[in-house]
Amino acid sequence: MSDLVERVREVLPAVRRDLENLVRIESVWADPSRRNQVHRSAQATAELLSQAGFHDVQIVSEGGAPAVIARHPAPPGAPTVLLYAHHDVQPEGDRAQWTSPPFEPTERDGRLYGRGSADDKAGIATHLAAFRAHAGQPPVGVTVFVEGEEESGSPSLGRLLAGHREVLAADVIVIADSDNWSTEVPALTVSLRGLADCVVEVATLDHGLHSGLWGGVVPDALSVLVRLLASLHDDDGNVAVAGLHESTAAAVDYPAERVRAESGLLDGVSEIGSGSVPQRLWAKPAITVIGIDTTSIAAASNTLVPRARAKVSMRIAPGGDAAAHFDALRTHLEQHAPWGAQVTVIPGDLGQPYAIDACGPAYDAARAAFRQAWGTEAVEMGMGGSIPFIAEFAAAFPQAAILVTGVEDPATQAHSVNESVDLGVLERAAITEALLLANLA
């Protein structure tokens, strides 16, 4: 095992260069003008896997973004492990808020900054390092599956799994797209919240009106929308929509000072909701207003606004059903509009939550690998965010053990400006995966 650890460390400098080159590719599938960059990213990923020793590498698409599948057959009697990552990234947002250019990898204080440096091109780097450490001849079968539209909700993943089921079939599935408890303590993610979002539009007038002539007599749509959105929470910040599911979170300590430090909560701003932090983050529903369409301040006039819209995002606790939760949200929005305003709810994405029973030989092998690589036990944690495709993997391959791991940590700022990966965590994640392949044999 010590030899294997050393071999990981030997290949890491080259793997880091590969990661930096991937970060330089602006693979934002959500931006139609940069979809050619996603194709470029898929090609770069396929070339890296071929160079690592995979002889069966293909770029596939089922009406969506290009994905990469690379296969190394299992020795007789050995299991096959599917290693998942994605090569598409979130849009970078306001580039002026980045300390260094988002698509120019930059090291500062032991962290590598850049869009996708962690989420999830570091997942690709982890798989490359683990495979190279075994000199391209691991003791188990290895299939690498690198998706190209995860940040857009994986709309064609179901077709990819169905169309390539035979080549993707595995005994163990490792999804390297999650978090660690800290830079010193690893984590095995065992639950994830689901997702349902929608756009709600309210209308009160068939045209705008002079606010001085009609204000105080007829309602404007923006005031209605504000009151409607406020009805989604009670005064303590708990979700106030009826009929939503709540589960039970792992009993781990998550002190208030850690919440404040990791979230960037401003002085004087309090937490919302009731219950422990893990309960609120992992096992209760959450609703967030993530966008509003109305007249901008720059274009505002003394006019009653006739229509206004908002995008509402809901997270669903493990054990709940995304479609049923959307129905409950829609019912609430339709029934709580003040003053008889007209409400239209336009459904968006749905993603099921997922809970993992982390028992059995594959999980034992993973825990041993974590201990060997990190020198400490892995925390079993939930994830407040959503990875809906995990439920699709579970449905497609019901006999496979699913391990949700990753290279992120609380300072990663995935999806935000100044995203980064801790280089020490990247090393330990690569060692963990290399050891896992050995343990599974």
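Start with the whole chain and its contacts (heavy atoms within 4.5 Å). Of the contacts in the protein with a separation of 6 or more, 80% are between residues 24 or more positions apart. This is a predicted model, in which local features need pLDDT of at least 70 and side-chain atom pairs count only at pLDDT 80 or more, while totals for chains, interfaces and linings use all residues. Residues are numbered from 1 along each chain as its sequence is written, and side-chain values use heavy atoms, with hydrogens and water left out.

Switch to a cartoon view. The protein has 13 helices and 18 strands; these are DSSP runs numbered from the N terminus, helices being H or I of at least four residues and strands E of at least two. The radius of gyration, taken over C-alpha atoms, is 23 Å, close to the 22 Å that the globule rule gives for 441 residues, so the protein is as compact as a globular protein of that length. That rule is 2.2 Å times the number of residues to the power 0.38. Along its principal axes the C-alpha trace spans about 80 × 45 × 45 Å.

Next, colour by domain, with bounds from an automatic or database domain assignment. Select 1-192 + 353-440 for domain 1 and 194-254 + 274-351 for domain 2. Their centres, taken over C-alpha atoms, are 34 Å apart.

Now select residues 389-396, helix α12. Six of the eight residues of α12 are buried, so the helix is largely enclosed by the rest of the structure. Buried means under 20% relative accessible area, exposed over 50% and partly exposed in between, with a 1.4 Å probe and protein chains only. Among the buried residues of α12 are Phe 389, Ile 390 and Phe 393. Ala 395, also in α12, counts as exposed at 62% relative accessibility.

Move to Asp 119 and Asp 120, which are joined by a cis peptide bond with omega about 5°. Asp 120 is in the loop between β5 (111-113) and α3 (121-133). Most peptide bonds are trans, and most residues other than glycine have a negative phi.

Two stops concern phi. Trp 339, in the loop between α10 (322-335) and β14 (342-351), has a positive phi near 60° and is exposed at 54% relative accessibility. Finish at Asn 418, in the loop between β17 (401-405) and β18 (420-422). Phi of Asn 418 is positive, about 60°, and the residue is buried, with a relative accessible area of 14%.
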